[in-house]
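Subject: Handover of a structure and a summary of what was found

Dear colleague,

Please find below the structure that I am handing over to you.

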Amino acid sequence: MAPNKRMMFKADVNRIYDDEYYSEQKIKQEKFFIRPSRQRKMKKTKWFAIGMGIDLPFCIIILILLTIGTIMMFSASYAFSYYTQGDSYYFLMRQLIFIVIGLAAMTVMSFFNYNKLHKIAPVVLGISYLALMIVLILPGDNGVKRWIPLGLFNIQPSEIAKFAIILFFAHWASKYYNKMQFARYSVLPGIIVFGTTALLLFLEPHYSGIVILAILTVLMLYIGGMKTKYLFIGFVLMVGVVLLLAVTGGLSYAMSRMDGWGQALIYTDEDMWQTTWQTRNSLYAIGSGGLWGLGLGQSRQKYLYLPEPQNDFIFAIVVEELGFIGATMILLIFALLVWRGITLSLRAKDKFGKLLGIGLTSQIGVQVVLNILVITDWLPNTGISLPFFSYGGSSLIMLLAQMGIVLSISRTANIERQ
C-alpha cells in the first residue's frame with residue numbers, strides 16, 4: 001500500500017488511513033459513528049474555535065474519573081495527612097485547587113485551535129529541555145532532582161517532556177509523512193530527540209520517566225509511518241546502552257530500586273524487609289480487598305502501613321476498599337476513555353490531529369498499565385502516578401490540559417453529536 005494511502009495504527013499490520021480512503025458512504029454505514037450531515041471545520045487561521053461542539057461522552061468520562069479519583073485520594077490520604085500535616089484535609093484541599101486550575105486549563109484548551117500547536121512544537125520541545133536543565137541546578141532531595149518549586153505546587157519537568165515528545169513527533173510525522181519509511185526521517189530524529197531528553201532525565205535521575213518516554217516515542221514513530229523493522233534496530237540500540245551503563249556503574253540508582261523486586265513476600269533478612277516494605281503492604285492491601293472490598297474509607301493499610309498512599313500506590317487502597325469488582329470497573333472506565341479518545345482522533349480532519357490525539361490519549365493507557373504492574377510487583381518500585389487518582393499538581397494540571405487538546409480535536413472529528 002502506497003505511503004500516502006496509510007497513516008497509522010492497526011491491530012498488527014494496521015495503520016490509520018487518510019480521509020480520502022474513508023469515503024463518505026463507508027462512514028455512514030458504520031454503526032456507532034456517523035458523519036454528520038453538516039460538516040464542522042476549524043479554520044486554521046484562528047487561534048480559538050468558538051461555536052463548534054466538543055465530544056460530550058469523552059468529557060463526561062474524564063469528569064467521572066476525576067470525581068472517583070478525588071474521592072479515593074481523600075480516602076487514601078486523610079490518615080497520613082493528619083499524622084504528617086496535622087490536618088486530615090490537607091491533601092484534599094490542595095488537590096481541589098489543582099483540579100480547579102486543571103479544569104480551567106482543559107476548558108481553555110478545548111476552545112484552542114490545536115492546529116496552532118503544529119507550528120510551535122519545536123518551541124515546546126525546547127521549553128521542556130530548558131525545564132529539565134533548570135531542575136538539575138536546583139537543590140535536590142537525597143540526590144534526586146525532579147521538581148521546580150513554585151510556591152503552591154512544584155513543577156515536574158518530566159510531565160512537560162511527555163507532552164513535548166508527543167507533540168513534536170505528531171508535528172514531525174505529519175510534516176514528513178511520505179518520508180517516514182526512511183530511517184533518516186524516523187529513526188534518526190527519534191534517537192536524537194529521545195536520546196537528549198533521556199540523558200537529562202538520567203541525570204536527575206528519573207528512570208520511570210525514561211521508560212514512559214521510550215514507549216511514547218516508539219508509539220508515535222510507529223503510528224506515524226515508521227517501518228516495523230526499525231523497531232528492532234532501536235530495541236537493540238537501547239539494550240546496548242543499558243548494558244554499557246550497567247557495566248560502567250551508571251545504573252547504580254536503578255539497581256538499588258530493583259532490590260527486592262519480586263520478593264516482597266519472600267524476605268529473608270532485615271534489609272530486604274525494609275526494602276520491600278512499600279510493595280509488600282501494597283500486596284497486603286490488594287489481597288485484603290477480596291471480591292467486594294472492605295468498604296469506602298475502611299482501608300487498614302493506609303494507616304501508616306503503606307507509605308504515602310495518596311501517591312503512586314493509591315490503586316492498592318482502591319482495591320482494598322472497593323475490591324476486585326470496583327477496581328475492575330475503574331479500569332474499564334479508563335479503557336473506555338482511551339478507546340473514545342483514539343476513536344475521536346481517528347476521525348480528525350488532518351494527520352496532525354490524528355497523531356496528536358492518539359498520542360495524548362495513549363499516554364493515559366500507558367501510565368495506567370505501568371502503575372498497575374508496579375503496585376502488583378510485576379515491575380520494580382518506581383514513581384509512576386495513576387492518572388486522575390494520584391495526588392500531584394503538575395501532573396494533574398498537565399493531564400487535564402492535554403485532555404482539553406483532545407476535546408479541541410473532537411471539534412473537527414466526524415462523530416455524530418449527541
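Please keep in mind throughout that this is a predicted model. I begin with the cavity and then turn to the helix contacts and the backbone.

The cavity

Helix 5 (157–175), helix 13 (351–375) and helix 14 (393–410) each contribute at least two residues to the lining of the largest cavity. Of these contributions, the one from helix 14 is the greatest, at five residues. The volume of the largest cavity is about 130 Å³. Its lining comprises 15 residues, of which Gln367, Ser385, Pro387, Ser395 and Leu399 lie closest to the centre. Sorted by class, seven residues of this lining are nonpolar, six are polar and two are charged. With a threshold of 30 Å³ or more, the count is one cavity.

Helix 3 and helix 14

Helix 14 also packs against helix 3 (residues 90–111), where the two axes come within 7 Å and cross at roughly 25°. Because angles under 35 degrees count as roughly parallel, helix 3 is roughly parallel to helix 14. Their crossing is right-handed. On the side of helix 3, the residues in contact include Phe98, Ile99, Gly102, Met106 and Met109. Among their counterparts in helix 14 are Gly393, Leu396, Leu400, Gly404 and Leu407. The contact of helix 3 with helix 14 has 14 nonpolar and six polar residues, and no charged ones.

Helix 2 and helix 12

How far apart are the axes of helix 2 and helix 12, and at what angle do these helices pack? The axes of helix 2 (residues 56–85) and helix 12 (residues 314–346) are 10 Å apart, and the angle is about 160°. Since angles over 145 degrees count as roughly antiparallel, helix 2 is roughly antiparallel to helix 12. The crossing of this pair is left-handed. By class, their contact holds 20 nonpolar residues, two polar residues and two charged residues.

Helix 6 (residues 187–203) and helix 7 (residues 207–223) have axes that come within 9 Å and cross at roughly 170°. These two helices are therefore roughly antiparallel to each other. Helix 6 brings Gly190, Phe194, Thr197, Ala198, Leu201 and Phe202 to the contact. From helix 7, the residues that meet them are Tyr207, Gly209, Ile210, Leu213, Ala214, Thr217 and Leu221. Nine of the residues in the contact of helix 6 with helix 7 are nonpolar, four are polar and none is charged.

The loop between helix 6 and helix 7 is where proline 205 is placed. The peptide bond that leads from glutamate 204 to proline 205 is cis, and its omega is near -10°.

A further backbone feature

Glutamate 308 belongs to the loop between helix 11 (277–289) and helix 12.

Yours sincerely,

A colleague

Definitions and conventions:
Residues numbered from 1 in each chain as written. Predicted model: local features only at pLDDT ≥ 70, side-chain atom pairs only at ≥ 80, totals over all residues. Heavy atoms only, no water. 1 Å grid on protein atoms, 1.4 Å probe; cavity = no way out; pocket = protein on both sides within 12 Å on 5 of 7 lines; lining within 4 Å. Points joined across faces, edges and corners; volume = space filled by probe spheres on them. Helix = DSSP H or I, 4+ residues; strand = E, 2+ residues; numbered from the N terminus. Nonpolar A, V, L, I, M, F, W, Y, C, P; charged D, E, K, R; others polar. Axes fitted to C-alpha atoms, helices over the stretch in contact; angles between N-to-C directions. Parallel < 35°, antiparallel > 145°, perpendicular 65-115°, else oblique. Contact = heavy atoms within 4.5 Å. Left-handed = near helix turned anticlockwise from the far one by under 90°.
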